[in-house]
Protein chains: 2
Amino acid sequence: MESWIDERLTRQIAFIAEIDKLKGVLRRTLIMDGSRLENTAEHSWNISVFAMLMHEYTENPCPSLDRVIRMLLLHDIVEIDAGDTFAYDTVGYADKEDRELAAAHRLFGLLPDDQREEWMGLWREFEAGESVDARYANAMDRLLPLLHNYYTGGVSWVKNGIVRSQVVRRIAPVERVTPALWHFAMELLDRAVEKGILIQD
Amino acid sequence: MESWIDERLTRQIAFIAEIDKLKGVLRRTLIMDGSRLENTAEHSWNISVFAMLMHEYTENPCPSLDRVIRMLLLHDIVEIDAGDTFAYDTVGYADKEDRELAAAHRLFGLLPDDQREEWMGLWREFEAGESVDARYANAMDRLLPLLHNYYTGGVSWVKNGIVRSQVVRRIAPVERVTPALWHFAMELLDRAVEKGILIQD
C-alpha cells in the first residue's frame, strides 16, 4: 500500500492483499454439487467449520479448537507459491516440503516480525503434525476430502486411478485422533466400493 | 447420509454437505485480481484471517478472537437460502432480516439440537451486533470490502453508483471498535476519491 500509513499496517495490508490469490489455487476435489473444482480458499473455510463440527469426537487429550482453527485458516496459504500437491502424487511429494517452506518464508515474511513468527509457528506445527492440536487439524484435513469424493461419485478417485488401500493410508492419522470418525470413514469406504466409485485392491 | 451411522453424526454430515453450497453464492465484490466475483465461502475464510490479522487494533474491552472467528465462519451461511444482499440495496434490506432468519432456522436446524442452539446463538449474536465480540466481527466485515474495492479500481462502487457518504455510513461501526483502522479507512477513501474510483458527494 502507500506511504501514508505506518510500516506495520502497510505490511499487514500487503499480506491480506497477497493471500487473496489463494482463491485462484485449484484443488483436485470437486465442490459437492460436482460442478467445478474447489479452490483452496473455500477449502480453508470448509475445513475450519468441519473442525468445529467434529471436535466432540476427539479423545483425550482434547485439542484446543481455537488453535486448530487458526492453523487450518493458515495451513494452505503456501499453495499460493507451491501449488496444491495432489495427495497421491508421489513425484510432487518429493520436493513438496522444500517448495512449501520457501513459500512460507516469502508469504509469512510479508507480515510484521512478531506476527510472522507466530503465524509461521502455527504453520510449522501443522506441518510437523505432532502436537495434539496439529494431529486433530491434520486428521480433519484428511477426512473431509473423503466426503467430497463420496458425494461427487468418486470422480477424483476414478480419474486418478486411486484404490482403496491408498485412501486408507492417506487417512491413517484419523484413527489415533478419533476412533469414532475412523470407524465412520472405514464404513464410508466400504459403501464407496459397493457403489463402484472406489476400486478395492 | 445413510442409516448405518447414528443419528447425531448423520445430521452433522448432512449439515456439512448442505453448507458446501456457500461456494456457489456470489457477492458483489471482486476478488483482488479483478478476474471474477468473490463467493461467500471464500469471503468467510478471508474475513476470518483478516480478523486474526487486525485484532491488535481493537480497544478495550478486547474481543475474544476465538469467538469472533467462529462467528465469522458461520455468519454468512444463511446466504445459501437468502442470497447475498448488497450492502447498499435498500429494497433488498427491507426483508433481509426475515429471509435470513428463516434460512438460519432451516440450515442450523440440520444440526443436532445442542449444536443448533450454540451455532444459531453465535449467528444471532453477530446479527445483533451488540456484544464486544460481535461489534469487532461486524467492523471487520465492513472494512474488508473497502480494500477489495480499492484494489480493484472501485468497480463495484462505480458500477452501482455508490458515493463516498454511503461508504462512510456503511463502515461507521468501525470507528467505535478501532479508531486506528477507522482513521486508515477514511484516508483510504480520500485516496479513492483522488484516484477517481469513488465519487465525492
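## A tour of the two-chain model

Start by selecting B:His43, which sits in helix H2 of chain B. The model is predicted, and every value below is computed from its atoms.

**Stop 1: B:His43 and its surroundings**

Is B:His43 buried or exposed? Its relative accessible area is 1%, so B:His43 is buried, the cut-off being under 20%. Show its side chain together with that of B:Asp141: the two are joined by a polar contact of 3.0 Å. Now extend the selection to the residues that B:His43 touches, leaving aside those up to four places away in sequence. These are B:Arg27, B:Glu38, B:His75, B:Asp76 and B:Asp141.

**Stop 2: the two chains together**

Zoom out and colour by chain.

Next, select the residues at the contact: 53 come from chain B and 53 from chain A. Of the interface residues of chain B, 100% are also interface residues in chain A, so the copies meet through the same surface. The two chains bury about 4,800 Å² between them, and 71% of that area is on carbon and sulfur atoms.

For the polar part, display the contacts between the chains. The rule finds 20 residue pairs in polar contact across the interface of chain B and chain A, both residues being at pLDDT 80 or more. On the side of chain B that touches chain A, at least two residues each come from helix H1 (7-18), strand E2 (37-39), helix H2 (40-54), helix H3 (65-74), helix H7 (113-128), helix H8 (132-151) and helix H12 (179-195). Which of these elements gives the most? H2(B) does, with eleven residues. Colouring this side of chain B by class gives 34 nonpolar, seven polar and twelve charged residues.

**Stop 3: salt bridges between the chains**

The rule finds four salt bridges across the interface of chain B and chain A. Two of the pairs to select are described here.

- B:Arg8 and A:Glu56: their side chains meet in a salt bridge at 2.5 Å, N to O.
- B:Lys23 and A:Glu38: the closest N and O atoms of this salt bridge are 2.8 Å apart. The pair crosses between chains, with B:Lys23 in the loop between H1 and strand E1 (26-30) of chain B and A:Glu38 in strand E2 (residues 37-39) of chain A. Both B:Lys23 and A:Glu38 are buried.

**Stop 4: A:Ala17**

Move to A:Ala17, in helix H1 (residues 7-19) of chain A. At 18% relative accessibility, A:Ala17 counts as buried, since the cut-off is under 20%. Which residues does A:Ala17 touch, not counting those up to four places away in sequence? They are B:Met32 and B:Tyr151. For a distance check, pick the C-alpha atoms of A:Ala17 and A:Ser48: these residues are 31 apart along the chain, and the atoms are separated by 21 Å.

**Stop 5: helix H3 of chain A**

Select residues 65-74 of chain A, which form helix H3. Eight of the ten residues are buried, so the helix is largely enclosed by the rest of the structure. The buried ones are A:Leu65, A:Val68, A:Ile69, A:Arg70, A:Met71, A:Leu72, A:Leu73 and A:Leu74. What do they pack against? Within chain A, the partners are helix H2 (40-54), helix H6 (96-108), helix H7 (113-128) and helix H8 (132-151). H2 and H3 of chain B join them.

**Stop 6: salt bridges within chain A**

Over all chains, a search of the whole structure finds 38 salt bridges. One of them is formed by A:Arg67 and A:Asp133, whose closest N and O atoms are 2.7 Å apart. This pair links distant parts of the chain, 66 residues apart: A:Arg67 is in helix H3 and A:Asp133 in helix H8 of chain A. A:Arg67 is partly exposed at 30% relative accessibility, whereas A:Asp133 is buried, with a relative accessible area of 10%.

Then select A:Arg116 and A:Glu117, whose side chains meet in a salt bridge at 2.9 Å, N to O. A:Arg116 counts as partly exposed, with 26% relative accessibility. To finish, select A:Glu18, A:Lys21, A:Asp81 and A:Arg106, which are joined into one network by salt bridges that share partners.

Notes
Residues are numbered from 1 along each chain as its sequence is written. Chains are lettered from A and ligands numbered from 1 in the order in which they are written. This is a predicted model: local features need pLDDT of at least 70, side-chain atom pairs count only at pLDDT 80 or more; totals for chains, interfaces and linings use all residues. Side-chain values use heavy atoms; hydrogens and water are left out. Contact means heavy atoms within 4.5 Å. Buried area is the accessible area (1.4 Å probe) that two parts lose on being put together, summed over both. A polar contact is a pair of N or O atoms within 3.5 Å; within protein, one must be able to donate a hydrogen and the other to accept it, and residues adjacent in sequence count only if both atoms are side-chain atoms. Helices (H or I, at least four residues) and strands (E, at least two) are DSSP runs, numbered from the N terminus. Ala, Val, Leu, Ile, Met, Phe, Trp, Tyr, Cys and Pro count as nonpolar, Asp, Glu, Lys and Arg as charged, and the others, Gly among them, as polar. Buried means under 20% relative accessible area, exposed over 50%, partly exposed in between (1.4 Å probe, protein chains only).
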